[in-house]
Amino acid sequence: MSRFWSGFVNELDPYVPGEQPKLANLTKLNTNENPYGPSPKVIEAIRMAASDRLRLYPDPTSAELRQAIADFYRIDAAWVFVGNGSDEVLGHVFNAFFRQEAPILFPDISYSFYPVYCQLYQISYDTVPLSHDFSINVDDYDRINGGIIFPNPNAPTGCLLALSEIERLLQNNTESVVVIDEAYIDFGGESAVSLVKDYPNLLIVQTMSKSRSLAGMRVGYAIGQADLIEGLIRVKDSFNSYPVDSLASAAGVAAMNDKAYFNETCQAVIDERNKVVAGLEELGFDVLPSAANFVFASHKQVDAVEIAAGLRKEGIIVRHFTKPRINQFLRISIGTAGENQQLLSVLDTLV
Ligand SMILES: *Cc1c(COP(=O)(O)O)cnc(C)c1O
């Protein structure tokens with residue numbers, strides 16, 4: 001509380017990100033960072049960009065980066081919007097498209113930043129319960145709304161919704177913007193970018209933080225038809241003309257271009273995930289089917305908070321959410337082979 005704040009700031013309930021501990025030797029399985037570093041070509045591109053040219057402002061249109069993303073998906077660069085991490089892109093999305101009469105819709109268990117944007121931009125929303133198996137049933141979204149958003153795969157469940165179901169949702173919902181937050185799509189799902197040409201109200205949001213291992217650079221983007229992208233650019237240019245700095249842009253271009261490294265590291269995460277799932281099941285955990293770089297697991301007997309505390313004592317941090325339906329689950333990011341081994345051996349002593 002401060003008498004100097006604009007009134008609404010007192011009412012805000014900001015997003016709480018996963019802990020970034022100062023201690024060096026912790027095994028961080030709590031924020032879904034990629035266990036493998038960025039491509040060596042990305043590091044080289046950043047080195048090259050770290051020059052006297054940093055005295056100049058970056059390109060306010062981020063033309064090169066948008067083109068690299070467009071080339072990867074074989075679409076027009078006019079269909080690509082970029083920002084300082086996908087959280088910023090999502091902020092602009094809520095501001096640009098979701099300030100409507102009708103409430104927007106998202107699942108009751110979903111990315112916990114969505115209600116925070118709603119509060120910031122005074123957007124009303126209704127949450128739609130996930131099915132008993134934690135899947136999204138698109139028929140539940142068949143009602144008047146000011147927009148629809150959910151992650152696919154969903155967070156923190158990791159569950160994937162089939163592309164055919166997304167298309168069915170779009171066929172049933174043509175009057176408001178549908179946003180698919182594909183932060184984790186590269187770990188086993190199929191992107192809905194292929195549907196953009198047929199659905200002018202579809203917007204895909206992706207990030208370089210997870211599958212391209214660039215959480216520290218802050219690069220996110222959205223893909224949609226030019227009309228939606230233009231709306232985002234209008235909001236962005238009313239907020240910050242240069243959200244993507246020169247180093248982030250160079251890194252992002254190199255990351256999109258190095259497809260071999262991208263494919264190899266995504267596959268390594270998937271292979272490791274399969275091992276972690278098998279190991280957890282052997283220890284008595286129920287694990288939701290994951291298409292992400294994390295798993296969502298609950299133990300049949302032992303309390304989740306107790307397990308998280310036990311792991312922490314041994315230097316491993318995972319994420320726990322104190323929400324009624326999921327308070328017996330832990331969200332565990334997939335680490336390196338060594339980290340995953342360590343996780344399973346410590347868990348073996350706790351459950
Ligand atoms: C990690 C994540 C983001 C944010 O990504 P940044 O680009 O790092 O801001 C957005 N949505 C979901 C569902 C995420 O898990």
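Guide: Ala, Val, Leu, Ile, Met, Phe, Trp, Tyr, Cys and Pro count as nonpolar, Asp, Glu, Lys and Arg as charged, and the others, Gly among them, as polar. This is a predicted model, in which local features need pLDDT of at least 70 and side-chain atom pairs pLDDT 80 or more, while totals for chains, interfaces and linings use all residues. Residues are numbered from 1 along each chain as its sequence is written, and side-chain values use heavy atoms, with hydrogens and water left out.

Visitor: How do the residues of the shell around the ligand divide into nonpolar, polar and charged?

Guide: The ligand is surrounded by 13 residues (a heavy atom within 4 Å), and the closest are Ser86, Tyr184, Thr207, Ser209 and Lys210. By residue class, the shell divides into five nonpolar, four polar and four charged.

Visitor: Which helix gives the largest share of the shell around the ligand?

Guide: Helices here are DSSP runs of H or I with at least four residues, and strands are runs of E with at least two, numbered from the N terminus. Three residues of the shell, its largest share, come from the helix spanning residues 86-97, namely H3.

Visitor: What percentage of the area that the ligand exposes when taken alone does the protein bury?

Guide: Polar contacts are N or O pairs within 3.5 Å, and a ligand oxygen lies 2.6 Å from a side-chain N or O atom of Ser209, while a polar side-chain atom of Lys210 is 3.0 Å from a ligand oxygen. On the nitrogen side, a ligand atom is 2.8 Å from a side-chain N or O atom of Asp181. Of the 390 Å² that the ligand exposes alone (Shrake-Rupley, 1.4 Å probe), the protein buries 92%.

Visitor: Where is Pro153 placed?

Guide: The peptide bond from Asn152 to Pro153 is cis, with omega near -5°, and the bond from Ala155 to Pro156 is also cis, with omega near 5°. Pro156 is found between S5 and H5, and Pro153 is placed in the loop between strand S5 (148-151) and helix H5 (163-172).

Visitor: How far apart are the end C-alpha atoms of residues 25-346?

Guide: UniProt, in an unreviewed entry whose annotations may be inferred, places "domain: Aminotransferase class I/classII large" at residues 25-346. This span is 36% helix and 15% strand, and its end C-alpha atoms are separated by 16 Å.

Conventions:
A polar contact is a pair of N or O atoms within 3.5 Å; within protein, one must be able to donate a hydrogen and the other to accept it, and residues adjacent in sequence count only if both atoms are side-chain atoms.
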